[in-house]
Amino acid sequence: MKKEAQKTIKQKKCRVCGEKFLPFNSLAFACSFECAIKYGTENHKQERVQRAIFKIKKERIKTRSEHLKDAQTAFNAFIRERDKNEPCISCGRYHSGQYHAGHYRSVGACPELRFCELNVHKQCSACNNHKSGNIIEYRINLVKKIGVEQVEWLEGSHEPKKYTIEQIKDIRAKYQLKLKELKRGA
């Protein structure tokens with residue numbers, strides 16, 4: 001004969017009020033619906049505080065290059081929004097594909113113009129990635145857009161810039177604000 005397994009339910013202590021109760025299943029942690037809601041809201045608040053603390057700690061240990069990447073992302077988003085109704089600066093096409101914020105003078109060649117709005121315009125991914133910026137067409141259309149004097153200024157020499165982390169944070173905040181204002185005005 002087989003012995004039938006006897007299920008004995010042990011009492012548990014409620015995590016909220018401390019009262020002992022008989023749980024309806026093994027996962028129950030609160031004696032009532034009200035205690036479960038209270039536990040959930042308190043737990044949610046604690047999680048939000050922990051996430052905020054984690055975010056602050058993560059921000060503190062960011063390197064200069066990580067801050068630069070964040071600032072570049074904000075700047076590029078602003079450029080794409082600023083030029084959203086214009087065609088690709090290089091090929092002059094409108095299409096439904098992906099657009100980039102294409103630098104006329106690349107960040108590698110001229111890092112001091114990285115955040116110069118005259119140097120960066122909406123460019124399709126085909127021109128930017130596959131045609132290395134399609135720089136000849138870019139220059140022709142850039143002269144039409146901003147004028148030959150401005151293009152010659154971009155092609156000239158510039159004083160090198162070494163941004164501090166605080167300056168980079170300011171640049172990021174500036175372009176996030178400009179993006180917000182552009183979207184609000186549209």
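## Packing of helix 2

The buried residues of helix 2 pack against helix 1 (33-60), strand 3, strand 4 and helix 6 (165-185). Here contact means heavy atoms within 4.5 Å, and buried means under 20% relative accessible area, with exposed over 50% and partly exposed in between (1.4 Å probe, protein chains only). Helices (H or I, at least four residues) and strands (E, at least two) are DSSP runs, numbered from the N terminus. The structure is a predicted model, in which local features need pLDDT of at least 70 and side-chain atom pairs count only at pLDDT 80 or more, while totals for chains, interfaces and linings use all residues. Residues are numbered from 1 along each chain as its sequence is written, and side-chain values use heavy atoms, with hydrogens and water left out.

Helix 2 covers residues 64-82. Its buried residues are His67, Leu68, Ala71, Gln72, Ala74, Phe75, Asn76, Phe78, Ile79 and Glu81. The expected span of a helix is 1.5 Å times one less than its number of residues. For the 19 residues of helix 2 this gives 27 Å, which agrees with the 27 Å between its end C-alpha atoms.

## Nonpolar cores

A nonpolar core is a set of buried Ala, Val, Leu, Ile, Met, Phe, Trp, Tyr and Cys residues joined through side-chain atoms within 4.5 Å. The largest such core has 13 residues, of which Phe75, Ile79, Phe115, Ile171 and Tyr175 touch the most other members. Helix 2 and helix 6 are the elements that give two or more residues to this core, and helix 2 gives the most, with six residues.

Which residues does isoleucine 171 touch, not counting residues up to four places away in sequence? Isoleucine 171 touches Ala71, Phe115 and Tyr163. Another core, of 10 residues, lies apart from the largest one; among its members are Cys110, Tyr138, Leu142 and Ile146.

Strand 3 comprises residues 99-103, and five of its five residues are buried. Tyr99, Ala101 and His103 point one way from the strand, whereas His100 and Gly102 point the other way.

Two strands pair if DSSP finds at least two bridges between them. Strand 3 pairs with strand 4 (residues 120-124) in the antiparallel sense, over five bridges. In this pairing, tyrosine 99 stands opposite cysteine 124 of strand 4.

## Salt bridges

Side chains of opposite charge can pair when their charged atoms come close. A salt bridge is a side-chain nitrogen of Lys or Arg within 4 Å of a carboxyl oxygen of Asp or Glu. The whole structure contains nine salt bridges. Arg82, Asp83, Glu86 and Lys145 are linked in a network of them. Aspartate 83 forms a salt bridge with arginine 82, with 2.8 Å between the closest N and O atoms. Arginine 82 is partly exposed because its relative accessibility is 26%, whereas aspartate 83 is buried at 2%. Aspartate 83 also meets lysine 145 in a salt bridge (3.6 Å, N to O). That pair links distant parts of the chain, 62 residues apart: lysine 145 lies in helix 4 (residues 135-146) and aspartate 83 in the loop between helix 2 and strand 3. Lysine 145 is partly exposed, at 34% relative accessibility.

The side chains of arginine 139 and glutamate 155 meet in a further salt bridge (2.6 Å, N to O). Arginine 139 belongs to helix 4 and glutamate 155 to helix 5 (residues 148-155), 16 residues apart. Arginine 139 is partly exposed at 30% relative accessible area, and glutamate 155 is partly exposed at 33%.

## Cysteines

A disulfide is a covalent bond between the sulfur atoms of two cysteines. By the rule applied here, a disulfide is a pair of cysteine sulfur atoms within 2.5 Å, and the count comes to zero. Cysteine 110 is buried at 1% relative accessibility, and cysteine 116 is buried at 14%.

## Lysine 10

Lysine 10 lies in the segment before strand 1 (12-13). Its relative accessibility is 66%, so lysine 10 counts as exposed. Leaving aside neighbours within four places in sequence, lysine 10 is in contact with Leu22 and Pro23. Lysine 10 and lysine 169 are 159 residues apart in sequence and 56 Å apart in space, C-alpha to C-alpha.
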